[in-house]
Amino acid sequence: MKTSATLPDIRTERDIKTLVDNLCQKATNDTLLGASFGAAARIHWPHYLTTQYRYWSSTLLGHGSTEGEPLPEQVALPRSGQHIQHWLKIFSSTIEEHFSGSKAEEAKQLANQLATRLSATRSRELPVD
């Protein structure tokens, strides 16, 4: 098992893909968030992943542009409360399992800012069946 001292920082597009893919896998399989992420997958999962790769690559690596919402409205994350806090825990644990360094810390700070923004601006939740 790698320790934080041996983990790489986030430096490449491949690192971004590792972050997003592992985060989405955890969230999809999570008891609290799984139904919401399942609803997102039914809407258009490949588009969501592409948007996430582009967003995190742009914000962390300076590649491309941050066109559109980092978490599009069709993604069924709740606007506040325990769900957002739980998503943040999953995000942080995903970072800590795979990365260590200044960009990894920056990613966690950006996720916190994103959660704050979601809590302030989301006006509804998508229904999940």
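Tryptophan 56 and phenylalanine 91 are both buried, where buried means under 20% relative accessible area, exposed over 50% and partly exposed in between, with a 1.4 Å probe and protein chains only. This is a predicted model, in which local features need pLDDT of at least 70 and side-chain atom pairs count only at pLDDT 80 or more, while totals for chains, interfaces and linings use all residues. Residues are numbered from 1 along each chain as its sequence is written, and side-chain values use heavy atoms, with hydrogens and water left out.

**Aromatic pairs**

A search of the whole structure finds three aromatic pairs, the rings of Phe, Tyr and Trp (its six-membered ring) being paired if their centres lie within 6.5 Å, with planes under 30 degrees apart counted as stacked, over 60 as edge-to-face and the rest as tilted. Two of the pairs are set out here.

| Pair | Centre to centre | Angle between planes | Class |
|---|---|---|---|
| Tryptophan 56 and phenylalanine 91 | 5.2 Å | 35° | tilted |
| Tryptophan 87 and phenylalanine 91 | 5.5 Å | 40° | tilted |

Tryptophan 87, by contrast, lies with phenylalanine 91 in helix α3, four residues apart, about one turn of the helix, and tryptophan 87 is buried, as is phenylalanine 91. Together, Tyr55, Trp56, Trp87 and Phe91 form one aromatic cluster.

**Nonpolar core**

The largest nonpolar core has 30 residues, and those with the most contacts inside it include Ile10, Phe37, Trp56, Leu60, Trp87 and Phe91; such a core is a set of buried Ala, Val, Leu, Ile, Met, Phe, Trp, Tyr and Cys residues joined through side-chain atoms within 4.5 Å. The elements that give two or more residues to this core are α1, α2, α3 and α4 (102-121), and α2 gives the most, with eight residues. Leucine 60 touches Ile10, Ile16, Lys103, Glu106, Ala107 and Leu110, not counting residues up to four places away in sequence, a contact being heavy atoms within 4.5 Å.

**Helix α1**

The buried residues of α1 (residues 13-29) are Asp15, Ile16, Leu19, Val20, Leu23, Cys24 and Ala27. They cover an arc of only 155° around the axis, which puts them on the same side of α1, the arc being that of the directions from the helix axis to the C-beta atoms. The face of α1 turned away from this buried side carries the exposed residues Arg14 and Asn29.

Notes
The expected span of a helix is 1.5 Å times one less than its number of residues.
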